[in-house]
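Subject: Structure handover

Hello,

Here is the structure I promised to pass on. Please open it next to this message, and then read the notes below.

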Amino acid sequence: MRWAINMLIDRERIVKIAYEGTTVASVSPFPAYPPLNRLTDMMKGDPNYDKLWKVDQAGAEAIFKAKGYVKKGNYYEKGGKQLAMAIETHEAFIEKQRITDQLVEMFQAAGINATHRKLAGATWGDNLSFGKFEVRMGWQNCGSINEPWGTLDTLSNRWLKPVGERASNDGWRWDNKEFSDLVKQIGNLPLGDPKIDDLTKKALAIYYKELPTIPVTQAKKLIPFDTTYWTNWPTAQNNYMASWTWWQTTENIIINLKPAQ
């Protein structure tokens, strides 16, 4: 069913409408940074990777029917229960809400009674931690910058907790031992170890087969800096630190600033 949902997502439409053409579709759970793009490129040729980004409404509906769903009116039903989903977003993140509005339209057109719920931040976060949600639009695979472990570990079963108990990570509660064992091996190796590539390829093959989360788009941000009074802000040419300002690493930017005069 996760594959069926994926088949209904038109990422290029989301890029065009939700982002007004300012970003690109995601091809992995990683951010599209060069060191991680190299790892994603290794997956080309994997059958699940190659078909993941193709819109296929007929294929999705074939899965629904194979699972026993029958379309009655506008929506599929099974055992008297309508095929539906409530997608939760954080009330402060307009970007995620714009994406979700597009997803709702796509799912509705395919016979799923999808709705969009905007929740207060604390409720939205608790619902993930305690497993009290159907579907959510978020960014919780965030982790990796130049190596794969940071993101892959968000899905490791080492974080697993029963529904109703707070999970410090992996709020999706996906439990795949083979995947988790591979991630553990990656975490035990030093950066740059040649074994990491093969372990990552095996882990991603499992990820693409089971789709515990579904990559949609890259979350590009505009981060303005003013050089009137201070210089030495990070740039592509002076890339001493990632340029985002909402993490603890902002301190490293501040202590490296220099007076303009």
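Predicted model: local features only at pLDDT ≥ 70, side-chain atom pairs only at ≥ 80, totals over all residues.

Is Glu95 buried or exposed? Glu95 counts as buried, at 18% relative accessibility. Lys221 is partly exposed, at 42%. Lys96 comes in as well: Glu95, Lys96 and Lys221 are linked in a network of salt bridges.

**Other salt bridges**

Side chains of opposite charge can pair when their charged atoms come close. How many salt bridges does the structure hold? The count is 11. Two more of them deserve a look.

One joins Glu88 and Arg117, with the closest N and O atoms 3.3 Å apart. Glu88 lies in strand E4 (residues 84-90) and Arg117 in strand E5 (residues 113-119), so this pair ties together parts that are 29 residues apart in sequence. Glu88 is buried, at 2% relative accessibility. Arg117 is partly exposed, with a relative accessible area of 41%.

The other joins Lys44 and Asp41, with 3.6 Å between the closest N and O atoms. Lys44 is exposed, with a relative accessible area of 55%. Asp41 is partly exposed, at 41%.

**The nonpolar core**

In soluble globular proteins, nonpolar side chains tend to be buried together. Here, the largest nonpolar core has 47 residues. Which residues have the most contacts inside this core? They are Ile14, Leu103, Phe107 and Phe179. Several elements give two or more residues to the core: helix H1 (2-7), helix H3 (34-41), helix H4 (47-52), helix H5 (57-66), E4, H6, helix H9 (177-187) and H10. The largest share, seven residues, comes from H10.

Leaving aside neighbours within four places in sequence, Phe107 is in contact with Ile5, Leu8, Ile9, Met85, Ile87, Ile112 and Ala114.

**Helix H7**

Next, select residues 121-130, which form helix H7. The buried residues of H7 are Trp124, Asn127, Leu128 and Ser129. They pack against E4, E5 and strand E6 (135-136). Just after H7 comes Gly131, with a positive phi of about 75°.

**Backbone points to check**

Most residues other than glycine have a negative phi, and most peptide bonds are trans. Which residues go the other way on phi? Glu20 has a positive phi near 55°. Leu211 also has a positive value, near 50°.

Both are found in loops. Glu20 is in the loop between helix H2 (11-17) and H3, and Leu211 is in the loop between H10 and E7. Their exposure can be set side by side. Glu20 is exposed, with a relative accessible area of 60%. Leu211 is buried, with a relative accessible area of 0%.

Last, find Ala92 in the loop between E4 and H6. Ala92 is exposed, with a relative accessible area of 54%.

Best wishes

Key:
Residues numbered from 1 in each chain as written. Heavy atoms only, no water. Salt bridge = Lys/Arg side-chain N within 4 Å of Asp/Glu carboxyl O. Buried < 20%, exposed > 50% of the residue type's maximum accessible area, 1.4 Å probe, protein only. Helix = DSSP H or I, 4+ residues; strand = E, 2+ residues; numbered from the N terminus. Core = buried A, V, L, I, M, F, W, Y, C linked by side-chain atoms within 4.5 Å. Contact = heavy atoms within 4.5 Å.
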